[in-house]
Amino acid sequence: MKYVIIGNSAAAIGTVQGIREYDKEGQIVIISDEKYSTYSRPLISYWLKGAVTEENMRYRDTDFYEKNDVDTLFDTKVIKINPDKKTITIENGNEVSYDKLMVATGSKPFVPPMEGLEKVEKKFTFMTFDSAKAVKEAIFEGAKVLIVGAGLIGLKAAEALEHYGADMTVVDLADRILPSILDTEASAIMQKHIESKGVKFILGTSVKKFSEKSAVLNNGETVDFDIVILAVGVRPNTELVSEAGGKVNRGIVTDNKQAVDGLKDVYSAGDCTESFDITSGQQKILALLPNAFMQGEVAGKNMAGKETYYLNAIPMNAIGFFGLHIITAGSYDGEAFVETDGKENYKKLVTKDNELKGFILMGDVKRAGIYTSLIKQHISIDECDFELLKNKPQMMAFTRERRNEKLAGGVGNGN
Amino acid sequence: MKRVYVNEDWCLGCHLCEYYCAFANSGETDMAKAFKLDKAPVPRITVEEGDGINFAVQCRHCKDAPCVKGCITGALSINNGVIEIDGSRCVGCYTCVLSCPYGCIVIDEKNGGKTITKCELCTRNSAGEPACVANCPNRAIVFEERGED
């Protein structure tokens with residue numbers, strides 16, 4: 001059996017681990033367009049601010065490939081999948097055959113057309129190690145930085161650049177920050193927190209026109225800059241699959257074994273795919289590292305012949321900015337219980353159909369996974385002491401029976 | 001594999017397990033000294049107290065561990081069944097706190113929450129066997145094999 005994996009990040013590594021649980025013999029080839037051994041993409045901001053060394057960027061120990069008997073082809077771009085021949089074509093024209101193929105191509109920065117952007121010399125996206133290195137090369141003490149996009153990527157870049165004493169302005173078309181994971185109140189708390197570190201926000205508007213060292217916004221303001229970070233959004237890398245005839249909506253469509261719709265023996269996992277979010281009942285791209293790894297692992301097992309399903313996917317994020325932590329999960333459509341101390345602690349629990357569907361914790365995030373488990377395991381809130389859960393996440397809120405099953409019954413099970 | 005289990009009928013809610021856990025992992029040889037330090041060491045076991053019921057909770061060392069799978073840096077790994085944290089590679093993102101269904105990943109307040117910490121069954125400190133078990137006055141916490149691996 002020959003397995004070929006396109007990509008070398010969390011979903012690809014999950015695939016290797018999944019395969020090797022059931023097939024120690026088959027050949028595995030990883031092909032990546034980056035030149036690095038597997039590294040943790042979310043760590044680029046930590047590296048940029050000097051909190052993590054290049055060596056500690058590694059997502060797995062350096063002997064991972066050797067231990068798992070994986071052949072690697074780095075710095076190599078795959079340009080085509082040929083499903084009829086069961087080969088892929090790489091950029092030099094050579095073909096590589098596969099029995100089972102994993103497409104773990106991730107996503108790329110989305111840069112909308114913006115007038116004058118070509119005049120800006122120092123403009124960067126912020127998704128790969130190379131992009132972080134380019135920013136580090138360009139940044140200098142006290143540099144004026146314009147960050148376009150107040151989402152996770154833009155704000156992580158801001159956190160890192162604060163260490164260089166950068167003078168930062170963040171512009172976003174949305175009227176609040178982190179709209180994909182926070183509600184209005186939590187956004188406001190986080191915005192105030194980040195502003196207290198000297199970052200300026202100009203929200204509800206966008207860049208109308210760039211000049212070499214300044215941008216005119218649609219609200220009439222002008223922002224001067226030395227460096228621009230473009231963090232408007234990301235798009236899944238789906239072209240290889242769509243061109244080969246596989247089904248793509250917003251992301252690559254797979255079944256719950258991660259097999260690509262319409263392409264035999266081709267699997268996909270990670271940020272390029274869609275998942276079924278059980279809290280909203282919708283197919284979505286859940287561009288989250290844990291999701292990528294777990295999809296990859298499920299795919300790998302199936303590729304190696306062990307039937308396994310990826311179920312219970314939910315949006316979930318654990319992230320902090322300038323020392324203020326957030327943990328969120330699920331969706332926020334339903335009845336909300338909200339508690340705040342008027343400072344930086346904020347809690348929101350959302351229930352619907354007698355289940356916890358989502359939550360936001362900011363500040364005090366201790367033991368949040370107990371809430372996550374209520375969502376993922378579809379535990380009826382009637383069965384729990386919900387008053388206790390409103391107070392804090394605790395095992396005490398479960399029935400004795402359920403608690404014993406969880407705690408006393410031997411091997412814990414992740415879900 | 002041997003794991004730590006609690007019998008909630010016998011747990012007195014005395015919190016001694018928390019103190020002995022924190023001490024065992026403090027690197028200090030003197031308990032009084034360990035707790036006199038600027039910032040007290042953090043226990044990796046949590047006692048929950050309720051209406052006439054108490055119990056201690058710590059890492060279940062899941063085989064199918066969501067904390068390990070979700071770890072964004074690879075700092076969490078399973079070695080001989082024990083889920084271990086490499087503090088030098090943890091950046092304190094708390095994805096594991098989000099993922100652990102038992103609430104057993106502990107934010108290390110001692111270093112200001114820069115990393116997480118967790119029960120490693122006292123395999124990486126000098127206690128030799130789980131300190132919570134050895135020092136439970138009512139034998140409410142046990143370290144034993146329960147049939148599964």
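**Figure 1. Contacts between chain B and chain A in the predicted model.** In this predicted model, 33 residues of chain B are in contact with 42 residues of chain A, two residues being in contact if their C-beta atoms, placed from the backbone, lie within 7 Å. Strand 1 (2-6), helix 3 (66-70) and helix 4 (95-99) of chain B are the elements that give two or more residues to the side of chain B that touches chain A. Helix 4 of chain B gives the most to this side, with 4 residues. Helices (H or I, at least four residues) and strands (E, at least two) are DSSP runs, numbered from the N terminus. By class, the side of chain B that touches chain A has 16 nonpolar, 9 polar and 8 charged residues. Here Ala, Val, Leu, Ile, Met, Phe, Trp, Tyr, Cys and Pro count as nonpolar, Asp, Glu, Lys and Arg as charged, and the others, Gly among them, as polar. Residues are numbered from 1 along each chain as its sequence is written, while chains are lettered from A and ligands numbered from 1 in the order in which they are written. Because the model is predicted, local features need pLDDT of at least 70 and side-chain atom pairs count only at pLDDT 80 or more, whereas totals for chains, interfaces and linings use all residues.

Figure 2. Chain B contains 5 helices and 8 strands, and from the N terminus on its elements run β-α-α-β-β-α-β-β-α-β-β-α-β. The radius of gyration of chain B is 15 Å, close to the 15 Å that the globule rule gives for 149 residues, so chain B is as compact as a globular protein of that length. The radius is taken over C-alpha atoms, and the globule rule is 2.2 Å times the number of residues to the power 0.38. Of the 149 residues of chain B, 52% count as buried. A residue is buried if 20 or more other C-beta atoms lie within 10 Å of its own, exposed if 12 or fewer, and partly exposed in between, with C-beta atoms placed from the backbone. The domain assignment gives domain 1 (1-58 + 125-149) and domain 2 (62-118) of chain B; such bounds come from an automatic or database domain assignment. Between these domains of chain B, the C-alpha centres lie 18 Å apart. In chain B, 7 residues of domain 1 are in contact with 10 residues of domain 2, and the side of domain 1 that touches domain 2 divides into 4 nonpolar, 1 polar and 2 charged residues.

Figure 3. Chain A has 11 helices and 25 strands. Its radius of gyration is 23 Å, close to the 22 Å that the globule rule gives for 415 residues, so chain A is as compact as a globular protein of that length. The C-alpha atoms of chain A fill a box of roughly 60 × 60 × 35 Å, taken along the principal axes. Of the 415 residues of chain A, 46% count as buried. Chain A is divided into domain 1 (2-106 + 237-303), domain 2 (110-233) and domain 3 (323-407). The C-alpha centres of domain 1 and domain 3 of chain A lie 32 Å apart.

**Figure 4. Helix 5 and helix 6 of chain A.** In helix 5 of chain A, 10 of its 10 residues are buried, among them Leu152(A), Lys156(A), Glu159(A) and Leu161(A). What covers the buried residues of helix 5 includes helix 2 (44-48), strand 10 (144-148), strand 16 (227-230) and helix 6 of chain A. Helix 6 (residues 184-195) of chain A has 12 residues and reaches 16 Å from its first C-alpha to its last, close to the 16 Å expected at 1.5 Å a residue; the expected span is 1.5 Å times one less than the number of residues in the helix. Ala186(A), Ile189(A), Met190(A), Gln191(A) and Ile194(A) of helix 6 are buried. Their cover includes helix 5 (152-161), strand 12 (200-203) and strand 22 (324-330) of chain A.

**Figure 5. Ile229(A) in the largest nonpolar core.** Of the 174 residues in this core, Met102(A), Val103(A), Ile229(A), Val97(B) and Cys132(B) touch the most other members. A nonpolar core is a set of buried Ala, Val, Leu, Ile, Met, Phe, Trp, Tyr and Cys residues joined through C-beta atoms within 7 Å. Not counting residues up to four places away in sequence, Ile229(A) touches Phe124(A), Phe126(A), Val145(A), Ile147(A), Val148(A), Gly154(A) and Ala157(A).

**Figure 6. The surroundings of Glu91(A).** Glu91(A) lies in the loop between strand 5 (87-90) and strand 6 (95-97) of chain A. Glu91(A) counts as exposed because it has 12 C-beta neighbours inside 10 Å. Leaving aside neighbours within four places in sequence, Glu91(A) is in contact with Thr76(A), Lys77(A) and Ile79(A).
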